[in-house]
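Keep the sequence and the model side by side.

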Amino acid sequence: MPPAPLPIPMPVIRVALDVPLHRQFDYLAPDAQPDDVGRRVRAPFGRGTRIGVITAVLGADEEGDLPLDKLKAAEILRDDVPPLPPDWFRLTEFCSSYYQAPIGEVMLAALPVGLRRTDPPKARAVKAKVKVEAPQVAPELTPGQAEAVAAVLAAGVGTAPRFAPFLLYGITGSGKTEVYLRLVEAALAGGHQALLLVPEINLTPQLEERVRRRFPGVGLVSLHSELTEAARTRHWKAAFKGEARIVLGTRLSIFTPLPDLGLIVVDEEHDPSFKQQDGMRYSARDVAVFRAWQRGVPIVLGSATPSLETWANATGEGIPRRYTLLTLVDRANAAASLPPVRLLDTRREKLQDGLSAALLAALQVRLERGEQSLVFLNRRGYAPVLACPSCGWISRCRRCAANLVLHLADRRLRCHHCGFENGIPRACPSCGNQDIHPFGRGTQRLETTLQERFPEARILRVDRDSAKSRKQWEALAEKIHAGEADILVGTQMLAKGHDFPRLTLVGVTGADAALFAADWRAPERLFAQLMQVGGRAGRAELPGEVLIQTEHPEHPLYGALQQHDFAAFAASQLEERRSAGFPPYSYQVMLRAEAPEMGPALEYLAQARALGADLNGNGPVLLYDPVPMRMARRANLERAQLLAESTSRPALQAFLAEWRPLLEGIKAPSRLRWHLEVDPLEF
Ligand SMILES: Nc1ncnc2c1ncn2[C@@H]1O[C@H](COP(=O)(O)OP(=O)(O)OP(=O)(O)O)[C@@H](O)[C@H]1O
Ligand SMILES: [Zn+2]
């Protein structure tokens, strides 16, 4: 290829590299053109090579950061990936500044792994398998659904879209998905792309199937972490090039460049898994709202149990109302209604292996009728701990401030925090007593118990041990749908979004533990979980029932649950948060430090606090004292944190922009690591 004429005399490019530094790097690139901004480059860095993104081609009058003869040369990748567009730059720049993450890390994390490799594997042409299925006919909308669809269409879906955020608050089984599908249909008809975010991979197969059958022949790609690297790259490119018209994905898909984006939907918007917990700690839901604003398109956040932040935004309880609230009050299937919730008071009853007589009887009735039941216990493993009754020894993780969980199925003791595992000792390692016992109950034990009680029942356990991969989960879901299971035992994995028409009984065990948790978000999470899992019952013609075993039947959270009254529960929680000054009535940032010893971690935070206090003066940001984290030790590291809080988001952001560079200057032991988390969800 003949060298192209150079329109600029100084072929220097500025590059964002995936390094933990808040700066960019200049390179020589003899063949650089102004429109190469947004292309990827292969650049020498340190002793190796890295992939970066060109953020600027410098003109003659612009000053580089090094004299020309000191610059190294980089190779511009002129492959089949077009330059990343300006709106993608603005999106990643926003995330970099809002979450205080280096721009290079953000940009590169936003690309599929296949495009980040310096040695891209040879792409094999793979023909996507197309399952030909009978197209699904759209049901007639219920009046509530029709109203919701009309409201969003009025924001110009498929015609002249404009930024308009909606909360679609619809009770479980109210047919929120059908609303999304109608909106997608309108977007497609207007030549637009639609982006659908779901919290977990496990929810994608069902939805993907529904979308595919509704829109046969329309380009649809999924994007999630279980795709092979090649498939993810292929799907990402198809979306970027506009070949895919519907993109269905988990949180990372929010960064997909979409030339014709016309609609964003975030299903189960309350779900904590929209929050990335390492690297760039971002909330895909919040980024989605920013992106909708930036691109000027409508966004629908859907949930039966909205996050309290979103609920406040939609109801204007104590803050300016920013979202339009759309409500679905009835179940879509006219024959279905919300299941009655009964509390089983377990204080006055001797439980049989953790199960009350009423729950056992209800399970028996379902078995006789050939209906499905679900027993919920949000704790996997056989028992949360192994203990010696004679000397008090319990199985602890050596590396964490946590217990080792007994997994009887594969005969291991396992730490759910760091992955450490051990065989099961035959005798107490401390006193030699041979009579050591599992203490407490997990899903494996519940499964065993139920199998003993109901030998004829087909019992299926669904948790992260039995459904490790999407494939395993799909196999389980298929069995459930085919009616090949009588009793499901599962964790919150079973709570979300599933539609099993023959399921009529939900039994809840072990929920009390979360009632008095120290985390102030615990009630919100528990309520959502129970409402969601209870919502799996009675979604079709067969009436459902929810039984909750509890020692605290008078607790207001259970009362609200019995009333199916999310609004009242949310109002009381928001009231508490308002008087305590918690989000959404304040904005928070967490600075965390971890080190082999607690001392240096706390010392680092103390210095950070002093620097922050100087910056802030008597200003708008409140800096709390550094404290050890609730689970102080994890994977051999002691962890501490410092909370910064303000009633003004802009003030907090301005503070952060000045504070973060100071944090980088603090002298700390080499094994100390720290990070900032904006809008933290966990404490
Ligand atoms: N207009 C309609 N007429 C008849 N049935 C419908 C209609 N809309 C949805 N359904 C059916 O109602 C059931 C529940 O719908 P869907 O799964 O979309 O509810 P959802 O609001 O997403 O519930 P959840 O929040 O519990 O996941 C599904 O079986 C769906 O096919
Ligand atoms: Zn551990």
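This is a predicted model: local features need pLDDT of at least 70, side-chain atom pairs count only at pLDDT 80 or more; totals for chains, interfaces and linings use all residues.

Cys431 touches Cys388, Ser390, Cys391 and Trp393, leaving out residues up to four places away in sequence. Cys431 sits in the loop between strand S18 (421–423) and strand S19 (437–439). Is Cys431 buried or exposed? It counts as exposed, because 12 C-beta neighbours fall inside 10 Å, and a residue with 12 or fewer is put in that class.

Cys388 is one of the residues that Cys431 touches. Cys388 belongs to the loop between strand S15 (385–387) and strand S16 (405–407). Here the count is 22 other C-beta atoms within 10 Å, so Cys388 is buried. The cut-off for a buried residue is 20 or more. Beyond four places in sequence, Cys388 touches Trp393, Cys428, Ser430, Cys431, Asn433 and Ile436.

In an unreviewed UniProt entry, the annotation "binding site" covers Cys388, Cys391, Cys428 and Cys431. They are spread over 44 residues of sequence, yet they cluster in space, with a largest C-alpha distance of 8.6 Å.

UniProt (unreviewed entry) gives the annotation "binding site" to Cys397, Cys400, Cys415 and Cys418.

Take Cys400 next. Its place is in the loop between S15 and S16, and the loop between S15 and S16 also holds Cys388. Cys400 is buried, as 21 other C-beta atoms lie within 10 Å. Neighbours within four places in sequence aside, Cys400 is in contact with Cys415, His417, Cys418, Arg633, Arg634 and Ala635.

Cys418 is found in the loop between strand S17 (412–414) and S18. It is partly exposed, because its count is 17 other C-beta atoms within 10 Å. Its contacts, not counting residues up to four places away in sequence, are Cys397, Arg399, Cys400, Arg634 and Ala635. Arg634 and Ala635 are also among the contacts of Cys400.

**The annotated C-terminal domain**

For residues 423–580, UniProt lists "domain: Helicase C-terminal", again in an unreviewed entry. Over this range the chain is 37% helix and 15% strand. The end C-alpha atoms of the range are 46 Å apart.

**Backbone details**

Move on to the loop between helix H14 (566–580) and strand S24 (587–595), where Pro584 lies. Which form does the peptide bond from Pro583 to Pro584 take? It is cis, with omega near 10°.

Two residues other than glycine carry a positive phi. Phi of Glu268 is near 50°, and phi of Asp353 is near 50°. Glu268 lies in the loop between strand S10 (261–266) and H7. Glu268 counts as buried because it has 24 C-beta neighbours inside 10 Å. Asp353 is in the loop between strand S13 (341–345) and helix H9 (357–369). With 13 other C-beta atoms within 10 Å, Asp353 is partly exposed.

**Helix pairs**

Two packed helices are described by the angle between their axes and the distance between the axes. Start with helix H1 (residues 86–98) and helix H7 (residues 284–295). Their packing angle is about 140°, and their axes are 11 Å apart. H1 and H7 are therefore oblique to each other. Their crossing is right-handed. From H1, Asp87, Arg90, Leu91, Phe94 and Cys95 meet Val287, Phe290, Arg291, Gln294 and Arg295 of H7. These contact residues divide into five nonpolar, one polar and four charged.

Now compare helix H3 (residues 143–153) with helix H4 (residues 176–189). They pack at an angle of about 35°, with axes 10 Å apart. H3 passes H4 in a crossing that is right-handed. On the H3 side, Gln145, Ala148, Val149, Val152 and Leu153 take part; on the H4 side, Glu178, Val179, Arg182, Leu183 and Ala186 do. The contact of H3 with H4 divides into seven nonpolar, one polar and two charged residues.

Conventions
Residues are numbered from 1 along each chain as its sequence is written. Chains are lettered from A and ligands numbered from 1 in the order in which they are written. Axes are lines fitted to C-alpha atoms, for helices over the stretch in contact, and angles run from 0 to 180 degrees between N-to-C directions. Helices (H or I, at least four residues) and strands (E, at least two) are DSSP runs, numbered from the N terminus. Angles under 35 degrees count as roughly parallel, over 145 as roughly antiparallel, 65 to 115 as roughly perpendicular and the rest as oblique. A crossing is left-handed if the near helix is turned anticlockwise from the far one by less than a right angle, and right-handed if clockwise. Two residues are in contact if their C-beta atoms, placed from the backbone, lie within 7 Å. Ala, Val, Leu, Ile, Met, Phe, Trp, Tyr, Cys and Pro count as nonpolar, Asp, Glu, Lys and Arg as charged, and the others, Gly among them, as polar. UniProt positions are given in the numbering used here, feature names are shortened, and annotations may be inferred rather than shown by experiment.
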